[in-house]
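Please look over the chain shown here before reading the notes. They are grouped by topic and can be checked against the display.

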Amino acid sequence: MLTGVLWGMIGVFLIPLYQTTRRGDIWETMLALSSVATKSSLIMVLVSVMRDDWMMGLVGVITLSVGNAGFMLLAHLLRRMAQTGR
């Protein structure tokens with residue numbers, strides 16, 4: 001059952017990757033990449049549960065909780081720089 005969930009998560013994982021290939025605003029691209037980071041962390045947690053490897057799950061949880069904050073700050077900084085024209 002968890003293998004089916006994993007394949008479903010990988011399928012959903014591909015949707016934001018498609019969004020990054022399209023030409024668009026840098027803000028949309030950054031949000032799509034942030035979504036990829038979140039989904040990869042959740043996949044990491046699911047695989048850790050399947051393998052009963054809690055160290056991998058711990059890395060997934062840390063990436064999930066800390067990784068996107070820095071990425072969103074970078075996106076906001078790029079947006080402000082684009083607005084000011086630098």
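Thr-29 is found in helix H2, where helices (H or I, at least four residues) and strands (E, at least two) are DSSP runs, numbered from the N terminus. The model is a predicted one, in which local features need pLDDT of at least 70, side-chain atom pairs count only at pLDDT 80 or more, and totals for chains, interfaces and linings use all residues. Residues are numbered from 1 along each chain as its sequence is written, and side-chain values use heavy atoms, with hydrogens and water left out.

- Thr-29 counts as buried because its relative accessibility is 19%; buried means under 20% relative accessible area, exposed over 50%, and partly exposed in between (1.4 Å probe, protein chains only).
- The C-alpha atoms of Thr-29 and Asp-52 are separated by 34 Å, and these two residues are 23 residues apart along the chain.
- H2 has 26 residues and reaches 37 Å from its first C-alpha to its last, which is close to the 38 Å expected at 1.5 Å a residue.
- The expected span of a helix is 1.5 Å times one less than its number of residues.

**Buried residues of helix H2**

- The buried residues in H2 are Thr-29, Met-30, Ala-32, Ser-34, Val-36, Ser-41, Ile-43, Leu-46 and Ser-48.
- The buried residues of H2 pack against H1 and helix H3 (54-84).
- Ser-34 is also found in helix H2, and Ser-34 is buried because its relative accessible area is 8%.
- Leaving aside neighbours within four places in sequence, Ser-34 is in contact with Asn-68, Phe-71 and Met-72; contact means heavy atoms within 4.5 Å.

**The nonpolar core**

- Leu-6, Phe-13, Val-36, Ile-43 and Leu-46 are the five residues of the largest nonpolar core.
- Helix H1 (2-21) and helix H2 (26-51) each supply at least two residues of this core.
- H2 gives the largest share of this core, three residues.
- A nonpolar core is a set of buried Ala, Val, Leu, Ile, Met, Phe, Trp, Tyr and Cys residues joined through side-chain atoms within 4.5 Å.
- Ile-43 touches Leu-6, Met-9, Ile-10 and Phe-13, not counting residues up to four places away in sequence.

**The nonpolar surface patch**

- Met-1, Leu-2, Val-5, Val-49, Met-50 and Trp-54 form a nonpolar patch on the surface, and together they have about 640 Å² of accessible area.
- H1 and H2 are the elements that give two or more residues to the nonpolar patch.
- Patches are made of residues with over 30% relative accessible area and no salt bridge, with like charges joined within 9 Å and nonpolar side chains (Val, Leu, Ile, Met, Phe, Trp, Tyr) within 5 Å.
- A salt bridge is a side-chain nitrogen of Lys or Arg within 4 Å of a carboxyl oxygen of Asp or Glu.
- Accessible areas come from the Shrake-Rupley method with a 1.4 Å probe, and for residues only the protein chains shown count as cover.
- Met-1 lies in the segment before H1, and Met-1 counts as exposed because its relative accessibility is 86%.
- Val-49 has its place in helix H2, and Val-49 counts as partly exposed because its relative accessibility is 40%.
- Val-49 and Leu-2 are 47 residues apart along the chain, while their C-alpha atoms are separated by 9.3 Å.

- Asp-52 is found in the loop between H2 and H3, and Asp-52 counts as exposed because its relative accessibility is 55%.
- Asp-52 has a positive phi of about 60 degrees although it is not a glycine.
- Most residues other than glycine have a negative phi.
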